[in-house]
Amino acid sequence: MTVELQVLGSALRAVAEEMGAVLVRSAFSANIKERRDCSTALFDDRGRLVAQVEHIPVHLGAMPDAVAAVIEHDPQPGETWILNDPYAGGTHLPDVTTVSRTELGFAAVRAHHADVGGNEPGSMPAGSRTLAEEGVVIPPTRLDEATLERLIAPMRNPDERRGDLRAQLAANRLAERRVAELCARKGAERLRDASAALLRSSETLVRAAIARIPDGRYEAEDVLEASEGLLPVRCALTVAGDRVEIDFAGTAPEHGGNLNCPLSVTRSACFFVVRCLTEPDLPASGGAFVPVTVRAPSGCLVNAGRPRAVAAGNVETSCRIVDVVMRAFGQAVPVPAQGQGTMNNVTLGNAVFTYYETIGGGQGACPDADGPSAVHVTMSNTLATPVEALELGYPIRVERWALRLGSGGAGRHRGGDGVVRELRVLEGCRLSVVSERRERAPQGTAGGAPGEPGRNLLNGEPLPAKADVTLEPGDVVTIETPGGGGRGQ
């Protein structure tokens, strides 16, 4: 890669990073401005990912599908399009994406909104069975002021929703200006050539890394903890030269609840694993995914179809996909032990407020080091909401926020510890918890011990892994997150 290409690539990535800064600093909700549950990216005029900020891994392979869905409608300069439909470029309904044209292609902004309507405050119900129960479904739609007001009308806290959407629009506008300025300084054709060269360079590097993995077919299986019983997720990984094919034949059929994944989420999880095990320091680029083929039978858990509910698929099933694909790769190359394998989703809300967070836990031990503690693992990369911001903005008191010492699995290298998050609600509200690894612990590897499974408690009494509950003032919700597996004896 030439010095000029590195400079131009850095300039494009700087635009995406500034988009993220504008979004975070302009947003109203804690979920975006504090937890930074959002992603920003630039695409070329064919919809190929050129630069994406290192925000949320589950958005990595799904945002190109959102741009592709908008391109089908022939968007014009000056227009902004909006969508969240999981079956038309989205992931789950709270993840709302805005897409606009730039002089080089497209800019996309995705943010998880604290509410988009539906049966439960926060739009992350544990018990939803259809997409309509989870909130407002937005197919690719040209956005103007009247459309924005129509979309937020069924959502809770419309002022906050309006503020967050306008923050997304500000990030889109910023991208249009910055790309135009780059084109004026460097030349549009020169930047188009650089974008294409960056895509080719990423593909070349990833192909070379895949070629170093022994050829073969590697199979793995794990399960999800549905209320009806365990659901198997199976994959067969085939490495042939400089290509990888990941096939999910044999995975459970579509779930009657909301553990279903659209194929875009499944691809994101697979791309994440390949990136971690090939060129982890490579900037996010669509070229890196060209050597990876993902297959899943239509109508299975990881390639569900409308109108299946998907709220937990994006956050929980995606984590299990990572675990399964990582375990398959582990038969060919060293990989970490299993991490917590869940995002520990907690949503609190009523007619006045909605608050959503995911909670970190233990990462699995690495081949040459202990696993880190109290971090988001696999498909999430958010921050924890600071106690001060949480208590100032919501009728919630943080009673305890601590490491869950000893929850990481023992081994030559220990798994990371989970955390204890204890929240007291100060007014009546609804609670939704969507979690995993409450029955089946994260496994160690090479003789390492498993981590401790997680626990959910309400006033000291056990809650199931997935629950929708009415809370009274003073009730205390405790989430003890899983530890990571250990490695080696």
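This is a predicted model: local features need pLDDT of at least 70, side-chain atom pairs count only at pLDDT 80 or more; totals for chains, interfaces and linings use all residues.
Helix α4 covers residues 145–152, and its axis comes within 10 Å of the axis of α5, the two crossing at roughly 140 degrees. An angle over 145 degrees would count as roughly antiparallel; α4 is therefore oblique to α5. The crossing of these two helices is right-handed. On the α4 side, the residues that meet α5 are Glu145, Leu148, Glu149 and Ile152. Their partners in α5 are Pro158, Arg161, Arg162, Leu165, Arg166 and Leu169. Sorted by class, the contact of α4 with α5 has 5 nonpolar and 5 charged residues, with no polar ones.

Helix α5, residues 158–186, also meets α6, which runs over residues 188–211. Here the axes come within 7 Å and cross at roughly 105 degrees. Angles of 65 to 115 degrees count as roughly perpendicular, and α5 and α6 are therefore described that way. Leu182, Cys183 and Lys186 make the contact from α5, while Ala188, Arg190 and Leu191 make it from α6. In this contact 4 residues are nonpolar, 2 are charged and none is polar.

From α7, the residues in the contact are Val265, Thr266, Ala269, Cys270, Phe272, Val273, Val274 and Leu277. From α8, they are Gly313, Asn314, Ser318, Ile321, Val322, Val325, Met326 and Phe329. By class, the contact of α7 with α8 has 12 nonpolar and 4 polar residues, and no charged ones.

Asn84 sits between strand β3 (80–83) and strand β4 (95–101). The relative accessible area of Asn84 is 0%. Buried means under 20%, so Asn84 is buried. Polar atoms of the Asn84 side chain lie close to backbone atoms of two other residues: the backbone oxygen of Leu93 is 2.9 Å from one such atom, and the backbone nitrogen of Ile138 is 2.5 Å from one. With neighbours within four places in sequence left aside, Asn84 is in contact with Gly90, His92, Leu93, Asp95, Val96, Val136, Val137 and Ile138.

Terms used:
Residues are numbered from 1 along each chain as its sequence is written. Side-chain values use heavy atoms; hydrogens and water are left out. Contact means heavy atoms within 4.5 Å. Helices (H or I, at least four residues) and strands (E, at least two) are DSSP runs, numbered from the N terminus. Ala, Val, Leu, Ile, Met, Phe, Trp, Tyr, Cys and Pro count as nonpolar, Asp, Glu, Lys and Arg as charged, and the others, Gly among them, as polar. Buried means under 20% relative accessible area, exposed over 50%, partly exposed in between (1.4 Å probe, protein chains only). A polar contact is a pair of N or O atoms within 3.5 Å; within protein, one must be able to donate a hydrogen and the other to accept it, and residues adjacent in sequence count only if both atoms are side-chain atoms. Axes are lines fitted to C-alpha atoms, for helices over the stretch in contact, and angles run from 0 to 180 degrees between N-to-C directions. Angles under 35 degrees count as roughly parallel, over 145 as roughly antiparallel, 65 to 115 as roughly perpendicular and the rest as oblique. A crossing is left-handed if the near helix is turned anticlockwise from the far one by less than a right angle, and right-handed if clockwise.
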